Amino acid sequence: MGDYVTPGEEPQEPGIYRSEQMCLAQLYLQSDASYQCVAELGELGLVQFRDLNPDVSSFQRKYVNEVRRCDEMERKLRFLEREIKKDQIPMLDTGENPDAPLPREMIDLEATFEKLENELREVNKNEETLKKNFSELTELKHILRKTQTFFEEVDHDRWRILEGGGGRSGGSTEEQSPLIDIGDNEDDSMRHFSAQAAMLRLGFVAGVIQRERLPAFERLLWRACRGNVFLRTSEIDDVLNDTVTGDPVNKCVFIIFFQGDQLKTKVKKICEGFRATLYPCPDTPQERREMSIGVMTRIEDLKTVLGQTQDHRHRVLVAASKNVRMWLTKVRKIKSIYHTLNFFNIDVTQKCLIAEVWCPIAELDRIKMALKRGTDESGSQVPSILNRMETHEAPPTYNKTNKFTKGFQNIVDAYGIATYREINPSPYTMISFPFLFAVMFGDMGHGVIMFLAALFFILKEKQLEAARIKDEIFQTFFGGRYVIFLMGVFSIYTGFMYNDIFSKSVNAFGSSWTNSIRHEYIDDVLEKGEKASEAQWMLVPELAYDGNPYPIGVDPVWNLAEGNKLSFLNSMKMKMSVLFGIAQMTFGVLLSYKNFTYFKSDLDVKYMFIPQMIFLSSIFIYLCIQILAKWLFFGSAPGSVLGYTYPGTNCAPSLLIGLINMFMMKSRNAGFVDEEGNIVPQCWLSTWYPGQSFFETIFVLVAIACVPVMLFAKPYYLWKEEKERREGGHRQLATIEIVLVILALVQVPIMLFAKPWLLYQREKKQTRYSTLGGSGGGASTSQSVRADIAQDDAEVVHAPEQTPKPAGHGHGHGDGPLEMGDVMVYQAIHTIEFVLGCVSHTASYLRLWALSLAHAQLSDVLWTMVFRNAFVLDGYAGAVATYILFFIFGSLSVFILVLMEGLSAFLHALRLHWVEFQSKFYGGLGYEFAPFSFERILAEEREAEENL
């Protein structure tokens, strides 16, 4: 890009055309005032801190303990937030932005959060215990109720057995048979004794099990115990909560009778395997009744205690919900401040913190005022110092934006962040992007739909921002609402120029064409029927055209033309696309001149910009002039054009074939008629102004000559400058050699007499003074003092001498000696890219014509195939069909023509700006200015929370 401009020495230009002027500055903050100063800078959001401790790990920095404390506080607040959301309590978010708390307030916040967390955890633990007890008592209540019914049936069977078995009538089913069969051959007393003994030997367990596990539970019991157990189950009508997870589950009460300790052990292991819960169940009805009463009493007491616990928990959460968002904001500000302080270097005295920052030069006064406020609020008596530094490091790129320009700046930045202080394409993109989109999308009806949708987003932007809708597609459209707004406005304009509204035209100013066909012929054709009506009629321009063009836009008569409508619109839109494309490319090359002059690169101006403009003018701007001349001079009426006789429209010059003949330098006829006045063959290929072949040959030769100039001139002059610089160094070396020879000659008498004289003087002194021993002599070493920020002391380190880097030579390819190979490759790439790009980019702009044609044809097909059918039917059927088909037509118009076609046109306009336009002047090799800003940090945290 040429010579580097030192930050702060750039010429003044409005910030919208280039990024803001930046400078590197040092901050000297007293330790006591550093926290408040950084807090004020965070509120301001205009300073980007550099990490002065890149080799120190995060765990060895000075303020790592404070950062950990902030992480712990943030964890506790997230715990509170989860509990609040679990209880569906709305959190108060007023949007207020509290100031960062003082460091001493951090202890109070920690105590508050610790108290809230402990209290809430204790309440949760108590509530969990109470719920578990309540669930267990509820299950026990159902067990006692269900088993009581079962034991009543067993008692009835027992009395029937003891009395002789005459209690029930009917068939001997399994349910009616007693649990233990006592043979009928025993006498009554023996039967009574055996039944009583059998009943006394039966054991049982009771419990609950989940309903879905019951079938497998029954099968395993039967197989493991070989049918020697008796199982009775009953479903619990109420939905219970699981004692472990708390989730609602459906459960069943079961009771298992068995005989012997071995079966008891098996049954309990099976119950444990199926996670069935066993409960104690008394044997006698009286004990079961008393236990049931006790359980009901405990359940009522638990309900009361549980309700009070939940009320207390709810009150704690409601109180916390009013402040949790504000607390989160404060904690995040504290954390960001200490995280930034870890970027600082510490003075040897441990009383001063040193930072390096990038900041806009225009905002230095505000930054100094923020530092002064921070110093005053901290009560420090030592003022904070901001010292500007000189640097050759490339500063970050900072473009000021607002809600209107942000969308267009994002379009530019998506290609690449601008190199520092190069031309910012965003102001020009605000006009050219929606305009090129509208050229491809031009339709007044579709433009109105897009305009109204964007207008709704703009008018309701505050309500929609407050709603925080998380849908990604909605956020895309809402974020680009101003871009869509301008695209809709420009689409209305181009639709008006195309005279196209839902594929129909409007005759607003009266057509310039009249019917030149005789009425008798029309009546005759209509009488002959459909076959005759299929013949195509043509309006001859010499007869039907009145010579006055339609005031603005396309004449509506072309919407009725079936034979040559596409030919006319294709020719017009194709030429228009070429004009727009070459105009934008030329403007891009002109912007490169502004970059070259700004960066003081005379070589780029002389050997890049000027040859590029000559190359572009010789071929492509010349083509644009031909297009305009053809529109202006070659009409339907014959006449004289630039000294040549023009017979009529059949001899209008063919520009495409003429451009090919220009490059081939092919000889052509001069004029459209010969000396006798006869039209020459293929008159559209003739030259149409005097000296055309000569001038076109000159243009081609000049364009070809520009290529080696662009390829070799700049590298040659860079090599020449490098050679002169080296020769200048050799001349200085010759002068130094002469001086050294003179010094060598002077040294001869010194070597002869100096040492004897010094020895004599030393001998003389030794006679007077005692000899001083142990005097050390040595080479001095370079020392520097460095503070160890991991400890509270300083250390002295021996730094090797550093050789300064050689200064740059202004060739724009880095410091050090000129690498001719790299320069040649770099220049060859740019030359080939420009020369071939002029051709390919001009062809690429034909997408404006192609997409405009496709959009118009799709709109016409949708009207013809869908909505026009509603006008064929009459009566009630026609009314119903009109409503239905209009709904279908409107839906397809919105989803296909507005959304899908709009997205396609948007992507093509994006490509035209990124490749065809910005490649002419835009480097995009910078990096974005990322200031320390509380607003940005809080917005990122909020976005991260919403995406979870």
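F477 counts as partly exposed, because its relative accessibility is 36%; buried means under 20% relative accessible area, exposed over 50%, and partly exposed in between, with a 1.4 Å probe and protein chains only. The residue sits in helix α14. Helices (H or I, at least four residues) and strands (E, at least two) are DSSP runs, numbered from the N terminus.

Together with I473, V894, F895, I896, L899 and M900, F477 makes a nonpolar surface patch of about 650 Å². Two elements, α14 (472-479) and α25 (875-917), each give two or more residues to this patch. α25 gives the most, with 5 residues. Patches are made of residues with over 30% relative accessible area and no salt bridge, where nonpolar side chains (Val, Leu, Ile, Met, Phe, Trp, Tyr) are joined within 5 Å and like charges within 9 Å. Accessible areas come from the Shrake-Rupley method with a 1.4 Å probe, and for residues only the protein chains shown count as cover.

## Basis of the model

The model is predicted: local features need pLDDT of at least 70, side-chain atom pairs count only at pLDDT 80 or more, and totals for chains, interfaces and linings use all residues. Residues are numbered from 1 along each chain as its sequence is written, and side-chain values use heavy atoms, with hydrogens and water left out.

pLDDT is the predictor's confidence in each residue, from 0 to 100. The chain averages 82, and 84% of the residues score at least 70. Under 50 are residues 189-200, with 14 contacts beyond four places in sequence, and residues 769-815, with 51 such contacts; a contact means heavy atoms within 4.5 Å. Where pLDDT is low, the predicted coordinates should not be read in detail.

## Annotated transmembrane regions

The unreviewed UniProt entry places the feature "transmembrane region" at residues 435-459, 480-498, 576-593, 614-634, 646-664, 694-713, 733-754 and 876-900. UniProt positions are in the numbering used here, feature names are shortened, and annotations may be inferred rather than shown by experiment.

In the model, residues 480-498 are 95% helix and 0% strand, with end C-alpha atoms 26 Å apart. Residues 876-900 are 100% helix and 0% strand, and their end C-alpha atoms lie 34 Å apart.

## Salt bridges

A salt bridge is a side-chain nitrogen of Lys or Arg within 4 Å of a carboxyl oxygen of Asp or Glu. By this rule the count comes to 35. One of them pairs R50 with E393, the closest N and O atoms being 2.9 Å apart. R50 lies in the loop between β2 (48-49) and α2 (64-86), and E393 in the loop between β11 (385-389) and α10 (406-415), so the pair ties together parts 343 residues apart in sequence. R50 is partly exposed at 23% relative accessible area, and E393 is partly exposed at 33%.

R332 and E74 also form a salt bridge, at 3.3 Å from N to O. This pair links helix α8 (residues 324-341), which holds R332, to helix α2, which holds E74, across 258 residues. Both R332 and E74 are buried. They belong to a network of salt bridges that also includes D71, R78, E81, R325, K335, E941 and E945.

A further salt bridge joins E117 and R121 (3.2 Å, N to O). These residues are separated by about one helical turn, because they are 4 residues apart in helix α3 (residues 105-163). E117 counts as buried at 5% relative accessibility, whereas R121 is partly exposed at 40% relative accessible area.
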